[in-house]
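Visitor: I'd like a close look at one part of this model, please. Could you walk me through a sheet and the charged pairs around the chain, with the cut-offs spelled out?

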Amino acid sequence: MEKFDVVVVGGGPGGYVAAIRASQLGLKTALVEREHLGGICLNWGCIPTKALLRSAEVYRNIQHASDYGISVKDVKFDLKKIVSRSRDVSSQLTKGIGFLMKKHKVTVFDGVGALAGRGKISVSKEKKKVADIEAKHIILATGARARQLPGVEADGKLIWSYREAMVPTEMPKSLLVVGSGAIGIEFASFYRTLGVEVTVVEVMDRVLPVEDEEISAFAQKAFEKEGMKIKTGTTVKGVTKGKNNVTAHLETKDGKKENITVDRIIVAIGIVANTEGLGLEGTNVKIERGHIVVDDLLRTAEPGIYAIGDVTGAPWLAHKASHEGVICVEGIAGKHPHAMKRENIPGCTYCHPQVASVGLTERAAKEKGYEVKVGRFPFMGNGKAIALGEPEGLVKTVFDAKTGELLGAHLVGAEVTELVQGFVVGKTAELTETEFMETVFPHPTLSEMMHESVLDAYGRALHI
């Protein structure tokens, strides 16, 4: 039996980062991964989808080349090459994780890991024993999988999960996307940009329901302007499959029924934590609502067992998992790390237009009892946005009227997934409106809108 200080089960963005940090701190470390280093994020999620969306963005920009004084004729796209590029990007980064494991002297076991007694992990591959390993500290970073919709389960042909949606062999003419969270809207945006008739169905009363209501409404108008059909307050009650199409049976909250026939359906209604088969039976590890319960330092109720990332619950984000991995390992090493503040975790959606946010929405802030000051600045008032040909967008900030604390920032428009980090740093550093106002923002940049939004919250905006 091989002995380690730390064993990490799961090689996604939480697991491999935890392993690297453990090694940096001088801990003998092992990583157990059943399929791909990098996990869903690098192989079937964050990275390859961004590659697809980049291809769609380039195609969109070329179609509007004449707006910039450039003549382009006979614009076409090659779906096979788009998918191939996405897979190549994923492969390159996955190989990079393998290099990092070797660089940091992390021992990687190829197989499925499960608890086999206190401080012990059994690793198997295709029902054959690979290794028995022992560690004082075991970190579970097993991630999650796509949630299935009863009666609309993915079959890989007519009804797609995210995996099939990322590697289409041919472009459908029509598509129904079930769920308008980040994953659903990104796929809807990709396929719509490439000319597919896209309908989005959302059970809540608005798209991107975790976002600020104002940003959500702005984004929906932009999506509809792009030709997307959106049906909110609607559920899919079932489907009828044809030879090469599928009919979805829809019902609104007020009981109205409608049938819609499309070539393909993508189901994107959330994820389910991978807690099965870990050998948690007989331990004190608690599972609530499908997720492993941990404290601020990612410790479970069982001494020596920790959990990070998607398996511990929302928000289901790669950067949250990575940060938790660092906190967890630094706690193990006695480094007195900071606890995770979930309100400081940014969320990004890479649709067109992009959406990004951090902290409380305006409604949530008021419901918590805050008296708020709200600032807004439209992209139309920004010189760089106009020069880029991206004048549609909004930056919104929410402050505590009494203390000046930044409670939340909400953005929609070009490159806001990059802009939001300025507000994240501000929240983490606990800056008030004064520090934001006194900060010099370069001109001409999109970031100037961040400044103007803060100024607007206090009646001092300069360019609107």
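Guide: Happy to! Let's start with an open sheet of 3 strands, ordered E12-E13-E14 and paired in the antiparallel sense. Its edge strands are E12 (234-241) and E14, each of which pairs on one side only. On average, neighbouring strands here are turned by 25° against each other, direction ignored. The model is a predicted one: local features need pLDDT of at least 70, side-chain atom pairs count only at pLDDT 80 or more, and totals for chains, interfaces and linings use all residues. Residues are numbered from 1 along each chain as its sequence is written, and side-chain values use heavy atoms, with hydrogens and water left out.

A few terms for the sheet: strands (E, at least two residues) and helices (H or I, at least four) are DSSP runs numbered from the N terminus, and two strands pair if DSSP finds at least two bridges between them. The angle is taken between axes, lines fitted to C-alpha atoms (for helices over the stretch in contact), and runs from 0 to 180 degrees between N-to-C directions. E12 and E13 (residues 246-252) pair over 7 bridges. Within this part, Thr235 stands opposite Glu251 in E13.

E14 also brings us to a charged pair. Lys231 forms a salt bridge with Glu258, with the closest N and O atoms 3.2 Å apart. This pair links distant parts of the chain, since Lys231 sits in strand E11 (residues 229-232) and Glu258 in strand E14 (residues 257-262), 27 residues apart. A salt bridge here is a side-chain nitrogen of Lys or Arg within 4 Å of a carboxyl oxygen of Asp or Glu. Lys231 is partly exposed at 24% relative accessibility, and Glu258 is partly exposed at 37%. (Buried means under 20% relative accessible area, exposed over 50%, and partly exposed in between, with a 1.4 Å probe and protein chains only.)

Elsewhere, Arg363 forms a salt bridge with Glu213, the closest N and O atoms being 2.2 Å apart. Here too distant parts of the chain are linked: Arg363 lies in helix H9 (residues 362-367) and Glu213 in helix H7 (residues 213-225), 150 residues apart. Glu213 counts as partly exposed, at 35% relative accessibility.

One more pair is Asp132 with Lys129, whose closest N and O atoms are 3.4 Å apart. Asp132 is partly exposed at 31%, whereas Lys129 counts as exposed at 54%. The structure holds 24 salt bridges.
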